[in-house]
Amino acid sequence: MTGRPALPDRASVIVIGGGVMGCSTLYHLAKRGVTDAILLERNQLTSGTTWHSAAQVRALRSTRNMTELIRTSIALYSELEEETGQATGWINKGSLSIATSEDRLTHIKRQEALARLFGVEAASISPGEAKERWPLMNADDVIGAVFSPGDGRVSPSDLCAALVKGAKARGGRIFEETGVTGILTRRGRIAGVETTQGTVRCDAIALTAGLWSREAAAMAGMAAPIWACEHFYLLTKPVEGLSGNVPTLSDHDAHLYIRDDSGGLLVGCFEPMGKPIAPETLGHDFAFQLLPEDWGHFEPMMLNALHRLPILETAEVKTLLNGPESFTPDGSFLLGEAAETRGLFLGCGMNSVGVATGGGAGMALAHCITEGRTPFDLSEVDPKRFPGCFNAAEHLAARVPEVLGKHYEIAYPGRQWQTARGLRTLPLQDVWQAEKAHFDQVYGFERPLYFGKTTEPRLRFGKPDWFEEVGREVALAHEGAALFDQSTFGMIRVEGPDAESFLNRVCANDMTRPPGRAIYTAMLNAHGGFESDLTALRLSDESYRLYVGTAAIRRDIAWLKRHLDDGERVTLQDETGDFAVLGLMGPNVPRLLDTIGAGDLNAISYFSHAECEIAGVKARSARLSYVGEYGFEITCRRGDARALYDALYQAGSQPAGLFAQTAMRIEKRFLAMGHDLDADITPVEAGLTFAIDDKKPFIGRDAVLRCREEGGEKTIVSIILDDQGAVPLGDEPVLDGGRIIGKTTSAAFGYRIGSPVALALVERTSAMEGNTLAIDIAGDHASGLVTLEPVFDPTGARMRLSSPGTTQAA
């Protein structure tokens, strides 16, 4: 084409895709000094999804760091015009969330509490006040509302124009009508891209191709589990009684969001089950087109809208807009480096929050590219969290309609996905089904939560339907012998002449302990935060097996590979799924092992392991416990699991599930990655300095020593609640004298002490033995007493605090 600018032969970073995520990433790369970055767009900027976005920007998300991304967006969108001279269309009128059911009211009050925790302005208002803010709304069935004044919306096309202008001013370049036809790699690293206009060499790629990201990732041999769904919103011509801008109205019980638009109304929905779109439906030429209207599909939502806004009965419809949006299997987007290809960074699958998150997510992706890590823990959007099975077209097409539908669901504890289940099964799946197990899905595996209930549970925020079943299973482990299926552990074999020195460098604890020892350790980042916590069994002088978190396997292997030095004689092998692991826990375990001729195992000391034979099954038993009772974690070949289970069951053990294990580990103050531990917390703050050997060099050592010297601003404590009927869930604000000083990280009912228990990350000045703190549970403040020790220890009396500074046997 005449006048087309020539592609450079080389660029440090190539951004693929010119939607809001790509434009933001290019802007932030340029701002960070990457002045030769280029953006390639197969069509024109904003084509695909960005241009038709409803562009709501709501700050509050379920975690502090995800909220921080959107707060970054809000700050950027409100300042870009001053920087670039290009308006973004930012309108700050807030958002109004209404409740028409008691559970929804609890849900939005929990959100209000989270907002206070994260520093986001939000306040409960009455139905009458909600009506004043939205006069056109029928509020007859509204029982409560929360108003968030900092929220707003933006013009997506204007926003992208401003981002591009800012990027170009710093050296960034844009190439439209330039499709990527291939991604070049060399020795597992990005080397360049092939395009319709030629080849460009590069060191890194930011893949922000929206609807086409799955296809583009496949060019590099990578899986990006993304699938498109139809997304609907109705636009009307101007209506009487609506002047100026009003807050975005969120009627999530009716699956609706509503706002003004050019004097008329925009009524959008996330219906209970969406409509998936096959990739061939869109094709490669889809740019600024829309999908056909589907009034039959939209009709139930229209009826809900007519109830909420009676004026719609006489409003003139401009269009029912149907545009494609991309979704992932868990409803969170992909942001970070790919597992197997260094230099390939994903920023896609935005789940309808692309414009809201784009400013902050582009910042985080640019930071990840230039610094090797995100600016704070974003493991919930790490692309490495999915197993390969989720990239199958049939599973994506089944799951993403449900993902769209869950967008506005009440976040009940214990809610489960209904679609794309049974992708990976445990060795004892048939046994657990026969024992009436209720399952969740983790990393594709079906994992037992609890046993024995024949009906589907009723989900609620109060005392859960499975309370009695979990209590029975805790009693099994506390008074008898319980079997926990831990086969979902990630297992990594680390082997070779340099295995010891390698692990001693990447792990914080002393990895030189002899074969036969188990080692609890952490892999830390340079800032001293947890990349992983794990247990290592040293099998021989040159061989270890690492037991890591269920969903951490790809992430942990990538971390290990990243830190292998050239010429280091170490091999890494993923053994996940090759073995079964059964946790045998309880005071009757010694007698049970004697019964089946395996009594010699009782001679194994704590944190040791040995090969053994149980009922003819060759296994490896480690003297470990994650529930605070006498026990072993027994590993055998997957095919031998049934024989091992039968022997242990016939000798008197019974199955127990994850909910019982979680309740018991919280009582014992055992911390969990992703709940109590993440990349932003150090072992000093977590109280896990016993798992560090600071006499040797390891990644993060300097940061840990600095934190230890300074003391750390926060620390983890246990809180025993006074009200036995309180139901903390985790992620609630913790207050001291009415001031927020931290948050709960894990919570459960402590069956062995008879009270609810929470682990909480709080300011160190409030972390005093016997101090009284309060947990904000949906606006109700539940008081409790602090202890710096486990609230239950089977080696002594069961202890609970009765008044500040005193203890008594429970």
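Which residue forms a salt bridge with arginine 460, and how far apart are the closest N and O atoms? The partner is aspartate 465, and the closest N and O atoms are 2.8 Å apart, where a salt bridge is taken as a side-chain nitrogen of Lys or Arg within 4 Å of a carboxyl oxygen of Asp or Glu. Before I go on, please keep in mind that this is a predicted model, in which local features need pLDDT of at least 70 and side-chain atom pairs count only at pLDDT 80 or more, while totals for chains, interfaces and linings use all residues. Residues are numbered from 1 along each chain as its sequence is written, and side-chain values use heavy atoms, with hydrogens and water left out.

Let me stay with the charged pairs. Side chains of opposite charge can pair when their charged atoms come close. Across the whole structure, a search finds 45 salt bridges. Arginine 460 itself is partly exposed, with a relative accessible area of 26%; on this scale, buried means under 20% relative accessible area, exposed means over 50%, and partly exposed lies in between, using a 1.4 Å probe and protein chains only. Arginine 415 and glutamate 409 also meet through their side chains in a salt bridge, at 3.0 Å from N to O, and both count as partly exposed, arginine 415 at 31% relative accessibility and glutamate 409 at 34%.

A further salt bridge joins arginine 555 to glutamate 531, with the closest N and O atoms 3.0 Å apart. This pair links distant parts of the chain, since arginine 555 lies in helix 14 (residues 553-562) and glutamate 531 in strand 25 (residues 530-540), 24 residues apart; helices (H or I, at least four residues) and strands (E, at least two) are DSSP runs, numbered from the N terminus. Here arginine 555 is buried at 16% relative accessibility, and glutamate 531 is buried as well, at 12%. The two residues belong to a network of salt bridges that also takes in Asp382 and Lys384.

Turning to the sheet, we have an open arrangement of six strands in the order 29-30-31-28-22-32, with mixed pairing, where two strands pair if DSSP finds at least two bridges between them. Strand 29 (609-614) and strand 32 (654-656) stand at the edges, each with a single partner strand, so one side of each is left without a neighbour in the sheet. Strand 30 (residues 617-622) and strand 31 (residues 631-637) run antiparallel and are joined by four bridges, and alanine 619 has cysteine 636, in strand 31, as its bridge partner.

What, then, of the nonpolar interior? A nonpolar core is a set of buried Ala, Val, Leu, Ile, Met, Phe, Trp, Tyr and Cys residues joined through side-chain atoms within 4.5 Å. The largest such core has 59 residues, of which Phe333 and Leu335 touch the most other members. Helix 9 (354-371) is one of the elements that give two or more residues to this core, and helix 9 gives the most, with nine residues. Leaving aside neighbours within four places in sequence, phenylalanine 333 is in contact (heavy atoms within 4.5 Å) with residues including Met66, Leu69, Cys348 and Val381. A second, separate core of 53 residues includes Ala619, together with Ile553, Ala641 and Leu648.
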